[in-house]
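The report that follows is meant to be read beside the coordinates. Please keep the sequence and the model open while going through it.

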4 protein chains.
Amino acid sequence: MNDHSAVSATAVTPKRDAILDAALELFSERTFASTSMPELAQRAGVGAGTIYRYFDSKDALVNALFQRWKTEMTDTVSGDIPAGLTPREQFTHWWRGLWTFATEHPAAFLFLETHHHAAYLDAASRRAGAELSDRAITYIRDGQRRGAIRKGSPEVLMALVLGAFTGLVKSATEHGRVLNRTTLETSDDAVWALLAA
Amino acid sequence: MNDHSAVSATAVTPKRDAILDAALELFSERTFASTSMPELAQRAGVGAGTIYRYFDSKDALVNALFQRWKTEMTDTVSGDIPAGLTPREQFTHWWRGLWTFATEHPAAFLFLETHHHAAYLDAASRRAGAELSDRAITYIRDGQRRGAIRKGSPEVLMALVLGAFTGLVKSATEHGRVLNRTTLETSDDAVWALLAA
Amino acid sequence: MNDHSAVSATAVTPKRDAILDAALELFSERTFASTSMPELAQRAGVGAGTIYRYFDSKDALVNALFQRWKTEMTDTVSGDIPAGLTPREQFTHWWRGLWTFATEHPAAFLFLETHHHAAYLDAASRRAGAELSDRAITYIRDGQRRGAIRKGSPEVLMALVLGAFTGLVKSATEHGRVLNRTTLETSDDAVWALLAA
Amino acid sequence: MNDHSAVSATAVTPKRDAILDAALELFSERTFASTSMPELAQRAGVGAGTIYRYFDSKDALVNALFQRWKTEMTDTVSGDIPAGLTPREQFTHWWRGLWTFATEHPAAFLFLETHHHAAYLDAASRRAGAELSDRAITYIRDGQRRGAIRKGSPEVLMALVLGAFTGLVKSATEHGRVLNRTTLETSDDAVWALLAA
DNA sequence: TATGAATGAGCGTTCATTCAT
DNA sequence: AATGAATGAACGCTCATTCAT
């Protein structure tokens, strides 16, 4: 069992990072199942055996990658929403957070989306995956209590909102467009209308 | 090259259908890449070699499957919208059409979604995939002209709407829920609010 | 799980036999652990994948081989000892049986000897391996009761006798000699002296 | 080429010894082929690279180990047989020597036996392996000349005797028994009967 | 001298595809 | 038309060996 977890976060582990970076590229270009370890090794610029110094298996690698980026996304999206805002203002923080993450790390966003349900995700990955949803549902429930968000199952509303954002990113990726600020603001208004009471 | 194109559309080709049906089951249970041809042959109740009488390769099979279901979905969703309706009424037809397809063929809906970007899709599949989007964009553009749908890029609005629906279906699947009529009506209102001027 | 056990014993399965024959050659020339599957496939004249139609794994193959030959050896050595003989006469049947088997199937004899304790042998192999010993111990116990065989632990006496025979075969193999009839008769007398009361 | 041959025999080379000791343990627990160098390094408490300061390769290591223990066994078994004894008395020295070595170094005894024929043994190992046999054959030939040992090929008689002893040790090991003094004395008599004229 | 991270050839095994029946 | 035994390239992974530190 290795994962170099004892190494401090500031330690330089360039090969481990090169492997994770190459994995993110390949798993979002193709998929996990259709990326081979030799291919990954080559892209990372390491020997095939080297991957196994850092990760126990292909599955362990994809889980480490998933957790790393899901945590980053959760922090970026829901990490620093100030208290004392109206639900409408909070929504803009959420939407802008999603936009920031998807713009800065488009491959990571698509990787997380594509691999969300995958059979090879372990308990830690599933827990990491649930955190952002949990926070969003809390936000929606609170907004409903304050009369700002429409009635209905918070899970359904969240699914609609996150689905809409995902649709936006995929569409932009497919057509080679970027998510510009105009799109951000238009969509912020439109999706808030979906949510508003 | 075979695809039985000489066989008339109404001819009964039970093995071909059995193969496509088994493929849909397996590709949505696991994934395309992690389904093997012998496995597929067994599920379809045919010999492994028989698949190659109907499809040139595994890739050709997944393309045929994609086109079959994308066509079906396009027809179900946008096939019979009566003329002379308001944009709001038309939207309900669209949304109900999506719901009908996703409810009657949940595996097909998820299969189409999952494989939308896949590298192995050929030109015909991509064309089939674009048809529904094209019709939706036409609808949105028309609604904007009539002042019923909010301003903004039709592509973006469509991405938001289809993304929202996809989010709904995936969420239901993940939590083992079905898309009931209440959810249908609640979401119809909410998503129309997203779209409405 | 395959092992073609449903196939009748008289069915011709030439590839399966070719694989087992090649495995016997290689496992006795080198060892199980240092024989590779590609090497084995080549020696057997089949593709590497073909081995896996007949055996689930390398371990399953070595177990099938062990059981096949241990059964054959048990039958040859202890299968047809007539009733009503003196212990001395019975001993000659045993010794001649060992000699027959080791002469007709020298590689099999060495393979069985070398792999007797191996960690990868399964329960069925261990059971097959114990049968001949059990019969030999019964013979010794009976000879002791009749006063023809010397006192002492039957297990120890059997270990000495079978060990002596094994030493003979290994020595012959090492020096490229065959076990001729003179050696057979000399050793029959000598080993009976070991056993006799 | 290294083997520290410049180092005097009495020099303390604790790492080399630690490596050889760990190798004996592991090669008798599993086998040579299924013991990895990193595993061996860890058991010996040295770095993986360190092994290569003392031994050129895995093969060189197993040869060094073989020679070390074969020499020790030869000395223990045939090193101090006093002159002027009868063949019967000498035999007891031989048998007791084997028993002493196998009791004090059971892993070494089994290692030597298991690797006797191994393809990777070099000329020096084969020479070391032949020494004890040569002395035993000289003893048998002398005993035959004096009329104390039965007629027949000395090689065959030696193979029977050493084989019998090996069978005894393996049987004891398999059943978790030790070679006690009673067994020693019983077997001394029995095996002398095999040898006696 | 000693280390252990790094390598890449080679392992056991799978699977898309072919072809004799 | 249909089969499924057979293939061999390619998979995930291991390990003897090297070499920068």
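## A linked set of charges, and the basis of the values

E113(A), K170(A), E113(B) and K170(B) are joined in a network of salt bridges, where a salt bridge is a side-chain nitrogen of Lys or Arg within 4 Å of a carboxyl oxygen of Asp or Glu. By this rule the count over all chains comes to 46 salt bridges.

The model is predicted, with pLDDT of at least 70 needed for local features and pLDDT 80 or more for side-chain atom pairs, while totals for chains, interfaces and linings use all residues. Residues are numbered from 1 along each chain as its sequence is written, chains are lettered from A and ligands numbered from 1 in the order in which they are written, and side-chain values use heavy atoms, with hydrogens and water left out.

## Salt bridges within single chains

Side chains of opposite charge can pair when their charged atoms come close. In chain A, R30(A) forms a salt bridge with E39(A), with 3.1 Å between the closest N and O atoms. R30(A) is partly exposed at 33% relative accessibility, and E39(A) is also placed in the partly exposed class, at 28%; here buried means under 20% relative accessible area, exposed over 50%, and partly exposed in between, computed with a 1.4 Å probe on the protein chains only.

In chain C, a salt bridge with an N to O distance of 2.4 Å brings together the side chains of E25(C) and R43(C). Because E25(C) lies in helix α1 (residues 14–29) of chain C and R43(C) in helix α2 of chain C, the pair ties together parts that are 18 residues apart in sequence; helices (H or I, at least four residues) are DSSP runs numbered from the N terminus. E25(C) is partly exposed with a relative accessible area of 37%, and R43(C) is partly exposed at 36%.

In chain D, R68(D) and D21(D) form a salt bridge whose closest N and O atoms are 3.3 Å apart. R68(D) belongs to helix α4 (residues 58–78) of chain D and D21(D) to helix α1 (residues 14–29) of chain D, so this pair ties together parts that are 47 residues apart in sequence. R68(D) counts as partly exposed at 31% relative accessibility, as does D21(D) at 37%.

## The surface near DNA strand E

DNA strand E is surrounded by 32 residues, the closest being T50(A), Y54(A), M37(B), M37(C) and T50(D); a residue is near a strand if one of its heavy atoms lies within 4 Å of it. At least two residues of this surface are supplied by each of α3 (51–54) of chain A, α2 (37–44) and α3 (48–54) of chain B, α2 (37–44) of chain C and α3 (51–54) of chain D. By class the surface has 12 nonpolar, 14 polar and 6 charged residues, where Ala, Val, Leu, Ile, Met, Phe, Trp, Tyr, Cys and Pro count as nonpolar, Asp, Glu, Lys and Arg as charged, and the others, Gly among them, as polar.

Of the atoms of DNA strand E within 4 Å of the protein, 65% belong to sugar or phosphate and the rest to bases. A phosphate oxygen of DNA strand E is 2.9 Å from a polar backbone atom of K58(B), and a phosphate oxygen is 2.5 Å from an N or O atom in the side chain of Y52(C). On the base side, a backbone N or O atom of G49(D) lies 3.1 Å from a base nitrogen of DNA strand E.

## The surface near DNA strand F

DNA strand F is likewise surrounded by 32 residues, and the closest are M37(A), T50(B), T50(C), Y54(C) and M37(D). Sugar and phosphate make up 68% of the atoms of DNA strand F that come within 4 Å of the protein. The largest share of the surface near DNA strand F, 5 residues, comes from α3(B), and by class this surface has 12 nonpolar, 14 polar and 6 charged residues.

A phosphate oxygen of DNA strand F is 2.6 Å from a polar backbone atom of M37(A), and a phosphate oxygen is 2.7 Å from an N or O atom in the side chain of Y52(A). A base nitrogen of DNA strand F is 3.4 Å from a polar backbone atom of G49(C).

## Relations between chains

Chain C can be laid on chain D with an RMSD of 0.4 Å by a turn of 178° and a shift of 0.1 Å along the axis, the copies being superposed by least squares on the C-alpha atoms of residues with pLDDT of at least 70 in both. That is the relation of a two-fold axis. Of the interface residues of chain C, 96% are also interface residues in chain D, so the copies meet through the same surface.

Chain B and chain C are joined by no contact, their closest C-alpha atoms lying 13 Å apart, where contact means heavy atoms within 4.5 Å. Chain B and chain D do not touch, and their nearest C-alpha atoms are 32 Å apart.

Key. Polar contact = N/O pair within 3.5 Å; in protein donor to acceptor, adjacent residues only side chain to side chain.
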